[in-house]
Structure formats: C-alpha cells, structure tokens
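Student: I would like to learn how to read side-chain features in a model. Please take one feature at a time, with the general idea and then the case.

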Amino acid sequence: MTDGILGKAATMEIPIHGNGEAGQLPEDDGLEQDLQQVMVSGPNLNETSIVSGGYGGSGDGLIPTGKSFSCAGREVWAEPQRCLMYLREAGVRELGPLGSGRHPSHNTTPAGPGDEVARGIAGEKFDIVKKWGINTYKCTKQLLSERFGRGSRTVDLELELQIELLRETKRKYESVLQLGRALTAHLYSLLQTQHALGDAFADLSQKSPELQEEFGYNAETQKLLCKNGETLLGAVNFFVSSINTLVTKTMEDTLMTVKQYEAARLEYDAYRTDLEELSLGPRDAGMRGRLESAQATFQAHRDKYEKLRGDVAIKLKFLEENKIKVMHKQLLLFHNAVSAYFAGNQKQLEQTLQQFNIKLRPPGAEKPSWLEEQ
C-alpha cells in the first residue's frame, strides 16, 4: 500500500499560480493527506526508490535515493519533507491537520497609515529611553567618580557660597516659622481660657450678690484681655503667614532653580569628561565622527549650564532684596504688636494693625478667598 501511495504522490502534478497559491484541483486534499502520511508512516526513503511513471510504470521512471526532481518550480531532493518545505515557501503559509482539507491561507491586508504612525511613535519612545539611559549612565559615573575623588568637577566658589548661605538661612527661617506657629497655638489656647474664665466670672457675679463687684471687674478684665489677645493673635498670624510665604514659596523657588543648576553642572562635567577621553583616543574615521558628535553634545550641555548659572545668580540677588524688604516690615509689626499687648495699650495695638493693613476676622467667620487676600 505504501508503494501505491508513493506512486500516486509522484505521478500527480501540483500547478502553482503566479500568486503562490495551489491550483484548485479536486485531488489537492488527497495529495496533502498522502504527503503528510508519507512523512508520518512511510518507509525510509534512503532504502527505497520513488516511482515517477505512475502505477505499474517502467523502471525508467524510478528516481533513486539522492537524486533530485522538480517540485514547486525548484530542484529538490527526493524527500517529501523537503517538497513540503518548498511548497510552503511558494505560498502555503499553513497546512491544516491531517484530513482537514483546508487550503493555504494568505494575509494580504496591506499596512495602513495607522500602523506607520504607531511604528513612528514607538521609534520615538525608544530613542527617548535610549538617550535617557545614556545620560543617566554618564551622570552616575561622573557622580561616583566625584564622590570617590577620581574625577574633577566645575566649581564656582562665589556662587557655591551664596547657595550654601541660602540653605542655611532657609533652615533658620523654618525654625522661626515653627516657633511662630507654636506661639500662635499657645495664644489661641490662652484666649479660649480667658474667654471661659470671663464667662465664669460674669455668671458668678450674678449669683453671688456679696461678691458681685469683684467678680464683675475681673470678668471685664478677662474680656479686655481677650479682645487685646485677638488683636495680637491677628498680628502674629500675619507674621507667620508672611514667613511661610517667604520660606515655602520664594526660597523654595530659588532652590528649585539651584537643583536644576546642579543637575546641569553634573551633566556638563560628565560630557566634558567623555569628550576628554575621546580626545585621547586614536583619530581614525569612525572616531572622528564620534568626536564631532561628542563635541556638539558637550557644547549644548555647556550652554545649558551657563544659562542656569546666570538664572541662579539673578534669583539669589532678587531673593536677598525681597527677604530684607519683607522681614523689615514683619519684624517691626511683631515688635509693636507684642509691646503694645503686654503694655496693655489697646489703642497702640489697634494702630499697629491699621499701619500694616491687617483686618481681623470675627469669630466663626470663613477664611477670605485668595482674591480678597490679594
């Protein structure tokens, strides 16, 4: 039976069209099954011959083992496995399972413009990640070399001194801000206690006729202290709010620019070191191109570093002027308000608030909007 299968497989012709698809012959399914059966259960072709002349053909039609014949328009050795391989190359993308009768399938859908756009976006993202990785590697290498004393770094002594002074000033102002908030909390607690004590004295003055006068003027004293305390609390709140704005916004904005400047300085030194290493290497054609590219990258980072250095110098100058102006006003306010409060000078305390345009909110009032504060 095996000889019959081989003879049938050898005598049938499989026409291949120009588009690589097998012709629609009624025996296509049978041929495909026969070829796959030969691969699975057929005899060893190294020990047999293939009949090419049909059933009962003459001996001239024998193709001995090791000879080649034409299959799918190509010269192949007399092995069905290789014939199937060339059939797949000629257009058969996928052969169904044994006995399925499924014909080759083709995916002829052309790539649309959306696929091209997606590939372009993916390429851009890959380039961004690649550049980020190279830059991170160079900066990390430069940072470690500086930490271990093996690399050199660019230093602007005057600017570095100003930056260090700013950081120290910010730490001290944060301490003042923390103490001011603590004072505000204590004053608020004192006001609540004095208000409760005044109410208790007033209630006892009504229920104790023999001590009505004594309870009465103590109640009035506590109410007056509450009123002056609220005025002082308003002045201290204004002082704390101004210090908070100076520390968390003005100084922090300048320090953010300082961080950008320090990062640019690290990148500048990293690419400067890279350029110096390339300059010491051989000057062949490939190295010359890398040297020109490194020179262009180094110049770009140098321009960025110099620009940020100028920005930091300008911001430090403006910050110092703004700090002096703000703190002169706030320290004068704090001194006058505290002095008037402990001196019991209610009139001077109110004048101090009017001098600095401080408006007290009545108890229970909502916080004004930022437009009203402006």
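Student: Is lysine 207 buried or exposed?

Tutor: Buried means under 20% relative accessible area, exposed over 50%, and partly exposed in between (1.4 Å probe, protein chains only). Lysine 207 has 61% relative accessibility and therefore counts as exposed. This is a predicted model in which local features need pLDDT of at least 70, side-chain atom pairs count only at pLDDT 80 or more, and totals for chains, interfaces and linings use all residues. Residues are numbered from 1 along each chain as its sequence is written, and side-chain values use heavy atoms, with hydrogens and water left out.

Student: Which residue does the side chain of lysine 207 meet in a salt bridge?

Tutor: Side chains of opposite charge can pair when their charged atoms come close. The rule for a salt bridge is a side-chain nitrogen of Lys or Arg within 4 Å of a carboxyl oxygen of Asp or Glu. Here the partner is aspartate 203, at 3.5 Å from N to O. Both residues belong to helix 5, four residues apart, about one turn of the helix; helices (H or I, at least four residues) and strands (E, at least two) are DSSP runs, numbered from the N terminus. Aspartate 203 is partly exposed, because its relative accessibility is 37%.

Student: How many salt bridges are there?

Tutor: The count comes to 17 by this rule. One of them joins aspartate 311 to lysine 307 at 3.3 Å, N to O. These two lie four residues apart in helix 7 (residues 285–343), so about one helical turn separates them. Aspartate 311 is partly exposed at 27% relative accessible area, while lysine 307 is exposed at 54%. A network formed by salt bridges with shared partners takes in Glu146, Arg153, Arg265, Asp269, Arg272 and Glu276.

Student: Which residues have the most contacts inside the largest nonpolar core?

Tutor: A nonpolar core is a set of buried Ala, Val, Leu, Ile, Met, Phe, Trp, Tyr and Cys residues joined through side-chain atoms within 4.5 Å. The largest one has 42 residues, and Ile163, Tyr261 and Val312 have the most contacts inside it. Two or more residues each come from helix 5, helix 6, helix 7 and helix 8 (346–355). Helix 6 gives the most, 17 residues. Beyond its neighbours within four places in sequence, isoleucine 163 is in contact (heavy atoms within 4.5 Å) with Val258, Tyr261, Val312 and Leu316.

Student: How many aromatic pairs does the structure hold?

Tutor: There are six. Rings of Phe, Tyr and Trp (its six-membered ring) pair if their centres lie within 6.5 Å; planes under 30 degrees apart count as stacked, over 60 as edge-to-face and the rest as tilted. The pair of phenylalanine 239 and phenylalanine 334 is tilted, because the planes stand at 35°, with the centres 4.8 Å apart. Phenylalanine 239 is in helix 6 and phenylalanine 334 in helix 7, 95 residues apart. Tyrosine 268 and tyrosine 305 are stacked, at 5.0 Å centre to centre and 5° between the planes. Tyrosine 268 is buried at 11% relative accessible area, and tyrosine 305 is buried at 3%.
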